[in-house]
Amino acid sequence: MSVLGWLLPVLALVVVLGGLFLVATANRLDRLHVRTDAGWAALDAALARRAVVARAVALVLGDTALRTSAERAEAAPRTDREASENELTLRLSRVDRAILPAELAEELTDAEHRVVIARRVHNDAVRDTLRLRRRRKVRYFRLAGTAPLPEYFEFAEPEV
């Protein structure tokens, strides 16, 4: 058997296995992007719930600054959301929960816990996605397509 007789099948096998490896990597990257989007949706919902609870707290306390801060955080576009959420977190940290009705204080604590968890889940998904997108094979073969780079969402965590 000539060199060409065994070289072509080996070369074809290498190309097929390499292609399968790239397809598997592209599928993993797609799943990570979906996970990042789902993480953002959960974080957005948790932040919205916290803003609603903060407005209820503001109503009970008669605190217009807290109400304004909650409304600003809820209405802020994603690019400005971190600063608004930081401001709301700071204002909520100053609330004396002992003077709140017990149910409202529990609801506020629960909302803050859920925000912390949702932010961590989202940021973990972003970290995993960015880690895979930094690999050479993903960049050279443009496996990420036109998907935008996911971004971390950072703000001060409430002390709960």
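The structure is a predicted model. Helix α1 covers residues 3-61, and an unreviewed UniProt entry lists residues 6-26 as a "transmembrane region". Salt bridges in the model come to a count of 16.

**Helix α1 and the annotated span**

- The 59 residues of α1 should span 87 Å at 1.5 Å a residue, and this agrees with the 85 Å that separates the end C-alpha atoms of the helix.
- Residues 6-26, the span that the unreviewed UniProt entry names as a transmembrane region, are 100% helix and 0% strand in the model.
- The end C-alpha atoms of residues 6-26 are 31 Å apart.
- Just after α1, Gly62 has a positive phi of about 70°.

**A nonpolar surface patch**

- A nonpolar patch on the surface is formed by Val3, Trp6, Leu7, Val10 and Val14.
- Together these five residues have about 460 Å² of accessible area.
- Trp6, a member of this patch, lies in helix α1.
- Trp6 has a relative accessible area of 44%, so it is classed as partly exposed, between the limits of 20% and 50%.

**Ala38 in helix α1**

- Ala38 also belongs to helix α1.
- With a relative accessibility of 46%, Ala38 counts as partly exposed.
- Ala38 and Arg28 are 10 residues apart along the chain, and their C-alpha atoms are separated by 15 Å.

- Arg81 is located in helix α3, which covers residues 81-93.
- Arg81 counts as buried because its relative accessibility is 5%, which is under the 20% limit.
- Apart from neighbours within four places in sequence, Arg81 is in contact with Trp40, Asp44, Leu47, Ala48, Ala73, Ala76 and Phe153.

**Salt bridge between Glu112 and Arg97**

- The side chains of Glu112 and Arg97 form a salt bridge with an N to O distance of 2.7 Å.
- Glu112 is in helix α4 (residues 102-133) and Arg97 is in the loop between α3 and α4, so this pair ties together parts that are 15 residues apart in sequence.
- Glu112 is buried, at 1% relative accessibility, whereas Arg97 is partly exposed, at 24%.

**Salt bridge between Glu154 and Arg119**

- Glu154 and Arg119 also meet through their side chains in a salt bridge, at 3.1 Å from N to O.
- Because Glu154 lies in the segment after α5 and Arg119 in helix α4, the pair ties together parts that are 35 residues apart in sequence.
- Glu154 is partly exposed, with a relative accessible area of 40%, while Arg119 counts as buried at 10% relative accessibility.

**Salt bridges around Asp128**

- Arg131 and Asp128 are joined by a side-chain salt bridge of 3.9 Å, N to O.
- Both Arg131 and Asp128 lie in helix α4, three residues apart, or about one turn of the helix.
- An α-helix has 3.6 residues a turn, so residues three or four places apart point the same way.
- Arg131 is partly exposed, with a relative accessible area of 47%, and Asp128 counts as buried at 14% relative accessibility.
- A network of salt bridges links Arg35, Asp124, Arg127, Asp128 and Arg131.

**The segment after α5**

- Arg142 is placed in the segment after α5.
- The phi of Arg142 is near 50°, a positive value in a residue other than glycine.
- Most residues other than glycine have a negative phi.
- Arg142 is exposed, with a relative accessible area of 67%.
- Glu151 also lies in the segment after α5 (136-140), and it counts as exposed at 59% relative accessibility.
- Glu151 is in contact with His122 and Val126, leaving aside neighbours within four places in sequence.
- Glu151 and Val138 are 13 residues apart in sequence, and their C-alpha atoms are 18 Å apart in space.

Notes: Residues are numbered from 1 along each chain as its sequence is written. This is a predicted model: local features need pLDDT of at least 70, side-chain atom pairs count only at pLDDT 80 or more; totals for chains, interfaces and linings use all residues. Side-chain values use heavy atoms; hydrogens and water are left out. UniProt positions are given in the numbering used here, feature names are shortened, and annotations may be inferred rather than shown by experiment. Helices (H or I, at least four residues) and strands (E, at least two) are DSSP runs, numbered from the N terminus. Buried means under 20% relative accessible area, exposed over 50%, partly exposed in between (1.4 Å probe, protein chains only). Contact means heavy atoms within 4.5 Å. Patches are made of residues with over 30% relative accessible area and no salt bridge: like charges are joined within 9 Å, nonpolar side chains (Val, Leu, Ile, Met, Phe, Trp, Tyr) within 5 Å. Accessible areas come from the Shrake-Rupley method with a 1.4 Å probe; for residues, only the protein chains shown count as cover. A salt bridge is a side-chain nitrogen of Lys or Arg within 4 Å of a carboxyl oxygen of Asp or Glu. The expected span of a helix is 1.5 Å times one less than its number of residues.
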